[in-house]
Amino acid sequence: MRFTVKQIDLFERNVKLRLPFRFGVVTLTAAPQAFVRARIETEKGATAIGAAAELMVPKWFDKSPALSDDENVAQLRASLALARESYLAGGANTAFGHFIDNYAPQIAIGSMQGMNSLVACYGPALIDRALLDALCRALGVSFFAAIQKNIPGIQAPGWQADLSAFDMDDFLDGLKEKKQIAARHTVGLLDPITAADVKAPVGDGLPATLEEVIARYGHRWFKLKVSGDTRADVDRLAAIAAVLDAIQDPYQTTLDGNEQYADADGAMELWRAIRAEPRLKRLASSVAFIEQPVKRQNALTADMSELGEERPVIIDESDDSLEAFPIARRHGYTGVSSKTCKGLYRSILNAARCRLWNREEAAERYFMSGEDLTTQAGLAVQQDLALASLLGISHVERNGHHYANGMAGLPEAEQEAFLSNHADLYERSHGAVRLKIEKGMLQIASLSCNGYASGALPDWSAMKEMA
């Protein structure tokens, strides 16, 4: 289905965190959330409006110490503005056609404006979701049906030689939507583990410590941040293990390096220390994979084969282009993250690669993980959950519900609209609508609605236009 992009509006509103979130080199206490509203017209004359949202997180897309947090956010706004101009200038095209026609020019022009590829791709990542949302609404179909029927017209770009003979339509037709998905809880570098670690109580009645989180939500999947200081990391992981080991059921973890190591040797040193520590025996056996331990400048030249023999290693920040995963494969990585802030079509193409490569090697070696960039309740978390679940990912990192106070501060009508349309995914507690996690699971059957996983739209009047 081809359509023309008639209008793209950019908005934002601030999100204040209830807990500081430290990852890598930054401690996040607040950040603006970007919103895209797009209007399309199909070749048959139908019009519709779609939307998308994503937090503008500093020091993740570009970690250069030469840039301030405000300059990082300004880069993301500029990426959105550049993409808006390009998409509006195009003629009729498929949803995937709009993406792929603007993909290389966006990266090239963004580079001339000082953007790296991750930053440059942020703007299209939101606009593509808003356009697909609008297309689904125009046709009266769900996101799941649209992808399974390949309504966006997804195909391997000509220069992606590894996918040239892959049957994309057959792959997409075989994808199955899920009714639930496990929420993997993030333990940030500043998060209190037990009550003894609490220095300043939050006072909002919601869980703050790891112990409290487990008691309330029943998680069995956990994502543990490490800092790059092996001794400090082992001691902190031991404190975490003391809590996790009290869980009677099996639990699973992932380790997130957030680019804290200069090379593969540093990451391997941490793993050897973990494996040798008696206090970490059960935790070490629970590690499913290790995420982006090496700085992006060195990650795709480092040989991760040795560490990869111990535990699978994935790229996240290094996944900055459609070429990144094939390059990573040659260096011993076997996984890649799915994040809607990097682009839904990139995730789909990488999922196709996993299917193809596993078939070639006759083993389930390559995989995708679901990671989070503090997606907020509403459009952001729903669209990310829908994509991850359709691609067969069984657990996904969710941290936005923990570090932010749900929909607190948003207009009551907006909160009620999302709650009433997605009563399986949300609950009202402590004065706000928030994600409902029970026994570590998120119920997502309601995401199978017309549009891209949302039966409600945000209150545009409660935002400011993006400068």
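User: Is E360 buried or exposed?

Analyst: E360 counts as exposed, at 52% relative accessibility. One caution before we go on: this is a predicted model.

User: What does the side chain of E360 meet in a salt bridge?

Analyst: R329, with 3.8 Å from N to O. R329 is partly exposed, with a relative accessible area of 25%.

User: How many salt bridges does a search of the whole structure find?

Analyst: The search finds 36.

User: What does E414 pair with, and how far apart are the closest N and O atoms?

Analyst: E414 forms a salt bridge with R13, and the closest N and O atoms are 2.6 Å apart. This one links distant parts of the chain: E414 belongs to helix α16 (residues 412-421) and R13 to strand β1 (residues 3-23), 401 residues apart.

User: Are those two buried or exposed?

Analyst: E414 is buried, with a relative accessible area of 5%. R13 is buried too, at 9%.

User: And which residue does D384 bridge to?

Analyst: D384 forms a salt bridge with R398, with 2.7 Å between the closest N and O atoms. D384 sits in helix α14 and R398 in strand β11 (residues 395-398), so parts 14 residues apart in sequence are tied together by the pair. D384 counts as buried at 2% relative accessibility, and R398 counts as buried at 1%.

User: Which residues do salt bridges with shared partners join into one network?

Analyst: R184, K223, K225, D256, E291, E371 and E397.

User: Changing topic. Which residues of helix α6 are buried?

Analyst: In α6 (residues 210-217) the buried residues are L210, V213, I214 and Y217. They lie on the same side of α6, because they cover an arc of only 95° around the axis.

User: Why would that spacing put residues on one side?

Analyst: An α-helix has 3.6 residues a turn, so residues three or four places apart point the same way.

User: What covers the buried residues of α6?

Analyst: The cover includes β4 (180-187), β5 (221-225), α7 (230-244) and α15 (400-403).

User: Where is H401, and what does it touch?

Analyst: H401 is found in helix α15. Leaving aside residues up to four places away in sequence, H401 touches Y217, H219, L435 and I437. H401 is buried, with a relative accessible area of 9%.

User: Which element gives the largest share of the lining?

Analyst: α13 gives the largest share, four residues. By class, the lining of the largest pocket divides into eleven nonpolar, seven polar and five charged residues.

User: And how many cavities of 30 Å³ or more are there?

Analyst: The search of the whole structure finds five. The largest cavity has a volume of about 120 Å³. Its lining has 14 residues, with F99, Y103, C121, P124 and K342 the closest to its centre.

User: Which elements supply at least two residues each to the lining of the largest cavity?

Analyst: α2 (95-112), α3 (117-139) and α13. The lining of the largest cavity divides into eight nonpolar, three polar and three charged residues.

User: What about the volume of the second largest cavity?

Analyst: About 90 Å³. The second largest cavity is lined by 17 residues, and F23, W60, K225, D372 and L373 lie nearest its centre. β1 and β5 are the elements that give two or more residues to this lining.

User: How does the lining of the second largest cavity split by class?

Analyst: Five of its residues are nonpolar, three polar and nine charged.

Methods:
Residues numbered from 1 in each chain as written. Predicted model: local features only at pLDDT ≥ 70, side-chain atom pairs only at ≥ 80, totals over all residues. Heavy atoms only, no water. Buried < 20%, exposed > 50% of the residue type's maximum accessible area, 1.4 Å probe, protein only. Arc of directions from axis to C-beta. Contact = heavy atoms within 4.5 Å. Nonpolar A, V, L, I, M, F, W, Y, C, P; charged D, E, K, R; others polar. Salt bridge = Lys/Arg side-chain N within 4 Å of Asp/Glu carboxyl O. 1 Å grid on protein atoms, 1.4 Å probe; cavity = no way out; pocket = protein on both sides within 12 Å on 5 of 7 lines; lining within 4 Å. Points joined across faces, edges and corners; volume = space filled by probe spheres on them.
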